[in-house]
Amino acid sequence: MKQTNKLLTIVTCTYNRQEKLRKLFNSLIKQELFNFEWLIIDDCSNDNTEQLVRKWQKNKEFCILYHKMQKNGGKYKALNYAFGLINTPLFLIIDSDDYLVKGGTTIISNAWNKYKDKNIGSIIMEHGNTGINDPMLKIRDNGHIDYRYYYMLRNHIIGDYADIFVTSCVCSFRFPEFENESFMSEQPLYYWLSKRYKSVFLSEIITIGEYLDTGLSKNLRELEIKNWQCTLYESNLFLGSDTPLWYRLKKGILYDFIVIKKRKNIFNYISKSSNKWILIISFLPATLYAYFKYRGQR
């Protein structure tokens, strides 16, 4: 890609969301500071997404980069593709059903100018759930610098923040890709980054969105079963001693449950893990969970 003097790349992976993309585009065209590019990775949409984006590319305020995947592979594979295309100092992943707040790029620019010398890997801000005054999670200590993954577990925080990543700290990361599997959460990225860099937590809302019934957050357990190799990879990441015991057990139960549900040889899969004792302890509760959740089903 050609060099750019922009600060930020906004990355959006989309699949058949042309109507939802309009709201995001409208939020970008209304920004006060156009120091960004919009990188759209189209995961083989069969609606009019491409025609709509081509029309938007005629706008003079900011550059829109459009790339269409050769095969539908899911968000995590689209992100892998996007990571190789980003050439700005920062990037922010915004889903197609979310949007950027008014003045958002100015807020990001000011935050970067303040914290860029702190050797951070990302800037973390609030993601609004239903409105500008309703953050999904509430950052208690504005300006706190910590390792994202460990900070959230230590404080029992479950949910989404808006992460502005430092590109140079993330450029070598890639999700492992599994054939015919399209779902993996972004947790491996957060874990990988937290092993190397701290993040600064800021209490300002930067993105807003709602969860759609057609989104990946619906029927999570069924997605994990369908994409079982992705789930086993992700679960196994969090079984090590650097993770609190309660979370290790939670992920161990999920790991064993998936193996049981897919009718795989549980002893073979336990033996492959470097954290065998957690999986052994988790086997009985995983078996009971599988039985009571799916009894009566063939």
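Modeller: A salt bridge is a side-chain nitrogen of Lys or Arg within 4 Å of a carboxyl oxygen of Asp or Glu. This is a predicted model: local features need pLDDT of at least 70, side-chain atom pairs count only at pLDDT 80 or more, and totals for chains, interfaces and linings use all residues. Residues are numbered from 1 along each chain as its sequence is written, and side-chain values use heavy atoms, leaving out hydrogens and water.

Colleague: What makes Glu179 and Lys71 a salt bridge?

Modeller: Their closest N and O atoms are 3.2 Å apart. The limit is 4 Å, so the pair counts. Glu179 sits in the loop between helices H6 (167-170) and H7 (187-194), and Lys71 in the loop between strand S3 (63-68) and helix H3 (75-83). They are 108 residues apart, so the pair links distant parts of the chain. Helices (H or I, at least four residues) and strands (E, at least two) are DSSP runs, numbered from the N terminus.

Colleague: Are Glu179 and Lys71 buried or exposed?

Modeller: Both are exposed, which means over 50% relative accessible area; buried is under 20%, and partly exposed lies in between (1.4 Å probe, protein chains only).

Colleague: How do you know that Arg148 is buried?

Modeller: Arg148 has a relative accessible area of 3%. That is under 20%, so Arg148 is buried. Asp163, at 6%, is buried too. The two side chains meet in a salt bridge at 2.6 Å, N to O. Arg148 lies in helix H5 (residues 148-154) and Asp163 in strand S9 (residues 161-166), so the pair ties together parts 15 residues apart in sequence.

Colleague: Why does Arg248 have no salt bridge?

Modeller: The nearest side chain of opposite charge, Asp242, is 6.6 Å away. The limit is 4 Å, so no bridge is counted. Lys and Arg count as positive and Asp and Glu as negative; His and the chain ends are not counted.

Colleague: What makes the approach of Arg248 to Gly240 a polar contact?

Modeller: The backbone oxygen of Gly240 lies 3.0 Å from a polar atom of the Arg248 side chain. A polar contact is a pair of N or O atoms within 3.5 Å, one able to donate a hydrogen and the other to accept it; residues adjacent in sequence count only if both atoms are side-chain atoms.
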